[in-house]
Amino acid sequence: MNYVRTAALGVGLVVAGAAVSAPEQPVTGPVAEYWMSAATTSGMAGMSSGGGRPDMQAMMSGGAVSHVLILQLGSARHPDGGPPAAEHDPPQGLGAGPVLPLVTPTQQPSHQEAAPGPPSQYQQPHGKMLIFWGCGEHAGPGQPFVIDFATMATGGAQKFMDLQHALAIAPMQPPSPQRNATYGEWPNAQSNTTVPPQGSLQGDHTVKGNYTPDIHFSLTADQDFLPPIQMTANQRNPSGSATLGWRRVDGAQGYFADMIGAQGQDQVVMWTSSAVEASSFGLPDYLSDHEIARLVGSHVLMPADQTSCTIPQEAVQAAGHSGFYNLVGYGGETNLSYPERPPAPQPWHILWTVKVRYRSATSGIVGMDMSHMGGGYGGQGGQGGYGNQGQPPPQQQRPRPNPFNPFGGYLP
């Protein structure tokens with residue numbers, strides 16, 4: 001199945017070759033903008049509850065796939081009497097309840113868009129960080145890029161920041177209290193139900209409230225959550241490199257993999273699949289269609305038809321037994337608007353727009369097969385759980401708990 005992301009929003013587009021003398025079309029609005037961020041997670045990411053330690057009950061039951069949905073409504077209107085109130089009435093197949101209240105936060109909103117960079121719980125490690133990049137048996141010239149944290153005050157910090165910002169990604173701007181007169185979000189303290197793994201966006205949706213025009217739209221099977229990433233290979237090779245393989249994800253327009261590990265307290269190792277020097281912290285959770293196309297073209301993202309990547313042996317060996325990988329499939333976006341754009345030069349007053357954006361992600365320990373735990377692994381090494389020919393490695397090669405975590409949270 002090929003996922004088709006329809007783009008009905010035409011604000012600001014310039015058609016190449018259009019007559020210079022064509023009359024301009026006045027465009028105003030939208031009054032309301034509604035964003036739905038739809039993520040599918042699997043592997044150890046799917047087992048996590050709240051982004052922390054893996055949920056052991058889910059791990060034992062094999063429930064390693066989850067759907068995460070964030071809803072954000074922004075309007076140029078103020079509430080029509082009383083406090084702000086709005087709700088999303090989803091199709092029954094979503095499985096999160098018949099009504100999802102969009103609550104206006106009284107303090108800091110829960111779903112602010114974070115700029116690319118280290119997570120909030122990041123703790124600056126001691127020693128050095130070794131940064132590798134690119135798929136291949138061996139690391140390319142000039143690798144690793146070394147950051148000595150002892151020199152952070154004398155230029156090391158700037159090098160790290162430059163590496164994070166080198167991709168020059170234009171951040172997406174979802175609704176927020178700062179950008180809109182009135183704002184509401186879900187989940188929230190009033191309603192924090194979850195979407196079950198089989199939950200679906202397909203069907204009719206209605207958003208209504210006392211500060212927004214009624215928003216009615218329908219999503220098709222091609223505009224649903226992305227499928228989970230199914231790994232076909234996660235193995236350490238005899239040469240010392242490691243191979244990640246996956247089945248193509250319908251709807252994914254580009255992929256990005258990274259690995260982070262550590263050797264003791266003094267050496268952090270970071271690797272990305274980017275063919276150009278880039279930090280694991282350089283990419284946000286979601287990317288626009290334009291940014292995905294640009295980053296695929298510049299070889300930062302792997303293309304949609306790529307289904308494997310080899311982590312260079314130098315990076316694997318430097319990370320020791322603590323290498324923890326992430327693989328993300330970026331699915332672009334669906335854009336809808338109402339009413340339809342009239343022919344120029346008639347004015348177009350946009351009442352509302354809807355943006356649905358997609359991603360699918362999985363994670364795990366490099367060289368460890370999670371199939372026996374329901375980790376979505378569907379390929380080589382599935383019988384024994386550790387890589388080559390289904391045979392476990394010698395005792396000294398088994399992944400061990402990471403004694404050092406540069407993020408301050410849990411890493412296996």
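Predicted model: local features only at pLDDT ≥ 70, side-chain atom pairs only at ≥ 80, totals over all residues.
Three strands make up an open sheet, arranged in the order 11-12-16 with antiparallel pairing. Strand 11 (231–236) and strand 16 (308–311) are the edge strands, each pairing on one side only. Neighbouring strands here are turned by 10 degrees against each other on average, direction ignored. As a reminder, strands of a sheet pair through backbone hydrogen bonds, either parallel or antiparallel.

Now follow the chain from strand 11 into strand 12. The two form a hairpin with five residues between them, and in that turn glycine 240 has a positive phi of about 105 degrees. Five bridges join strand 11 to strand 12, and methionine 231 stands opposite tryptophan 246 in strand 12. Strand 12 (residues 242–246) is also joined to strand 16, by four bridges, and these two run antiparallel. Along this pairing, glycine 245 stands opposite serine 308 in strand 16.

A search of the whole structure finds one: cysteine 135 and cysteine 309, with their sulfur atoms 1.9 Å apart. The link is left-handed, with -100 degrees about the S-S bond. Cysteine 135 lies in the loop between strand 6 (128–133) and strand 7 (145–148), while cysteine 309 lies in strand 16, so the pair ties together parts that are 174 residues apart in sequence.

Are the two cysteines buried or exposed? Cysteine 309 counts as buried because its relative accessibility is 2%, under the 20% cut-off. Cysteine 135, at 35% relative accessibility, counts as partly exposed.

Conventions:
Residues numbered from 1 in each chain as written. Heavy atoms only, no water. Pairing = 2+ DSSP bridges. Axes fitted to C-alpha atoms, helices over the stretch in contact; angles between N-to-C directions. Disulfide = S-S within 2.5 Å. Buried < 20%, exposed > 50% of the residue type's maximum accessible area, 1.4 Å probe, protein only.
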